[in-house]
Amino acid sequence: MCTVCGCHDGPTIDGKVQAHGHDHSHSHDHGHGHSHDHGHSHDHGHGHHHSHDHGHSHDHHHYGTGAAGVSVPGLSQTRLIEIETGILSKNDAYATANRRVLTALGCFAVNLVSSPGSGKTTLLCKTIEALGTLPLAVIEGDQQTSNDALRIRATGARAVQVNTGKGCHLDGHMVGHAMDELRLARESLLFIENVGNLVCPAAFDLGEDAKVAILSVTEGEDKPLKYPDMFTAAKLAILNKIDLAPYCDADLDAYEANLKRVNPDITILRLSARTGEGMNAWLDWLRAGLAAKARP
């Protein structure tokens, strides 16, 4: 369960339900062996401490305040923190296993995150076309449908669709299974297109080298201030659809100022996936990341 939004993950990969609670090792014939320990245990403790001696002291006054920062009926802040810590700890173990595999292969992995409608899939399709013969693969994350994976495959790239069901984000466990399906090539790029959501994906490490936050100029200059965790976690922010800026009175400098306000170290690129303006800087960033990762 995601304590941020209360979702329960029920993932499928290319339509196949992924079982939770199994351990397995993989030995691939492209020169590496790795083990993903997928013993996925969901500790959903719903302890509801009531005192029913006719005083009805339900002790709910502290829900939604304090360190956990969220409210779930029946769960105290202490219990919420315990649950979230356990979930993130298990996720980090899966992410660490994914990172070992990617490092051994010299693969550069980017986790594309944004709100719905930012233009992630269009940008990804244009990127794949522009990179030409550079080896790459894509993990597509959506709650339902395989529409985006079909768009990616139409470019000639290999793609795996992960449907999260009611889940609001990809996690390290799902990505590990998807990597197994893709059988990644050495010294290649891995694009992970996360579920459209600016909250939960910020907290979940997938084993990637960088989170790339995509922000459309149509979303409002204060978006980084409203969702600071995501933009703080990102190494790169792409300000997309700049061709529309004159038509929606977007202040590009204000976007950049707000991004730097929440993350002074973030790199910012302005581009339009539709017109191609600014795309070269993005492609150069990807090639540099791959070159550094592939270096022995």
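Trp282 is buried, with a relative accessible area of 1%, where buried means under 20% relative accessible area, exposed over 50% and partly exposed in between (1.4 Å probe, protein chains only). The structure is a predicted model, in which local features need pLDDT of at least 70 and side-chain atom pairs count only at pLDDT 80 or more, while totals for chains, interfaces and linings use all residues. Residues are numbered from 1 along each chain as its sequence is written, and side-chain values use heavy atoms, with hydrogens and water left out.

Trp285 is partly exposed, at a relative accessible area of 21%. Both Trp282 and Trp285 belong to helix H8, where they are three residues apart, about one turn of the helix. Helices (H or I, at least four residues) and strands (E, at least two) are DSSP runs, numbered from the N terminus. A pair of aromatic rings is described by the distance of the centres and the angle of the planes. Rings of Phe, Tyr and Trp (its six-membered ring) pair if their centres lie within 6.5 Å; planes under 30 degrees apart count as stacked, over 60 as edge-to-face and the rest as tilted. Two aromatic pairs are counted by this rule. Trp282 and Trp285 form a stacked pair, with 5.8 Å centre to centre and 15° between the planes. Ring pairs join Phe108, Trp282 and Trp285 in a cluster.

Helix H8 (residues 279-294) also packs against helix H2 (residues 120-131): their axes come within 11 Å and cross at roughly 70°. H2 is therefore roughly perpendicular to H8, a term for angles of 65 to 115 degrees; angles under 35 count as roughly parallel, over 145 as roughly antiparallel and the rest as oblique. Axes are lines fitted to C-alpha atoms, for helices over the stretch in contact, and angles run from 0 to 180 degrees between N-to-C directions. The contact (heavy atoms within 4.5 Å) involves Leu123, Lys126, Thr127, Ala130 and Leu131 of H2 and Met279, Trp282, Leu283, Leu286 and Arg287 of H8.

Strand E5 (residues 108-113) is mostly covered, as six of its six residues are buried. Phe108, Val110 and Leu112 point one way from E5, whereas Ala109, Asn111 and Val113 point the other way. Two strands pair if DSSP finds at least two bridges between them. E5 pairs in the parallel sense with strand E8 (residues 189-193) over five bridges, and Leu112 has Glu193 of E8 as its bridge partner. With strand E9 (residues 210-216), E5 pairs in the parallel sense over four bridges; here Val113 stands opposite Ala213.
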